[in-house]
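Student: I have a model open and would like to go through the terms used to describe it. Can we take them one at a time?

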Amino acid sequence: MESSDLITKGAILQRDKESYAIIPRTPAGILTPELLKKIACAAEEFKIPVLKIVSGQRIAMVGVKKEDIEEIWRFLGTDSGQAIGLCFHYVQACPGNSLCKYGVQDSIGLALELEKKYYGTEFPAKMKIGVSGCTICCSESYLRDIGIVGKKSGWTLSLGGNSGSNPRIGNVIVQKLTEEELFTIIDKFLTYYIKYAKKKERTSKFIKRIGIDEVRKNLGLPF
Ligand code: SF4
């Protein structure tokens, strides 16, 4: 396989410059017993030395031989979680009101909808989304490109958050949203971002460059 094919297959070259890591898609961090069994079996079958839970609520299979990558994906029967490249990476979700006693909104349900909608979409840079079911914000929503926090009155949306070497807390852009309103504004913002951002410009840098007031104006939101 060429290196571009490997990227398409979600494979990441490791420090040893020989082996790869692959990360099965686990939307909203939800795992089934079947997928867990398959990951464990694949690790044994293909002698994968390390299984590591990484950020974004995913399991990285680390130390995979190049020639095994396609076969492992076939064995797992799952899409690759896109872990590299200029595209949608993941939606991180807390347990929300379906599981957590503090939850006031359904973060898992929303995260699954968002993941379904944006999985496979190319963006100017990495795209990460965090959804928290209450203001305790266990999914670190304000440090994600798209940050969503549930309150009793509806969803709060922040844009342009980032962790990493240049951390930035996202701008709270609008509150008390229904799910439908939330999707409409996210769609508008992402269309705008895709059109005007430079290549590899994360939303944090894009918003700093454009200015949050300009973003609000383009989204048709009050100041
Ligand atoms: S953010 Fe709130 S709902 Fe989600 S896990 Fe934390 S405490 Fe529970």
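Student: What makes the shell around the ligand nonpolar, polar or charged?

Tutor: The model is a predicted one. The shell around the ligand holds eight nonpolar, five polar and no charged residues. Cys counts as nonpolar and Gly as polar.

Student: Which residues come nearest to the ligand?

Tutor: Cys94, Cys100, Gly103, Gly133 and Cys138, out of 13 residues around the ligand.

Student: What share of the residues is buried?

Tutor: Buried residues are 38% of the 223 in the protein chain. The cut-off is 20 or more other C-beta atoms within 10 Å of the residue's own.

Student: How is the protein chain divided into domains?

Tutor: Domain 1 covers 3-76 and domain 2 covers 88-219. Their centres, taken over C-alpha atoms, are separated by 27 Å.

Student: How many residues of domain 1 and domain 2 are in contact?

Tutor: Seven residues of domain 1 are in contact with nine of domain 2, where contact requires C-beta atoms within 7 Å. On the domain 1 side, three of the touching residues are nonpolar, three polar and one charged.

Notes
Residues numbered from 1 in each chain as written. Predicted model: local features only at pLDDT ≥ 70, side-chain atom pairs only at ≥ 80, totals over all residues. Buried ≥ 20, exposed ≤ 12 C-beta atoms within 10 Å, placed from the backbone. Near = placed C-beta within 6 Å. Domains from an automatic or database assignment. Contact = placed C-beta atoms within 7 Å.
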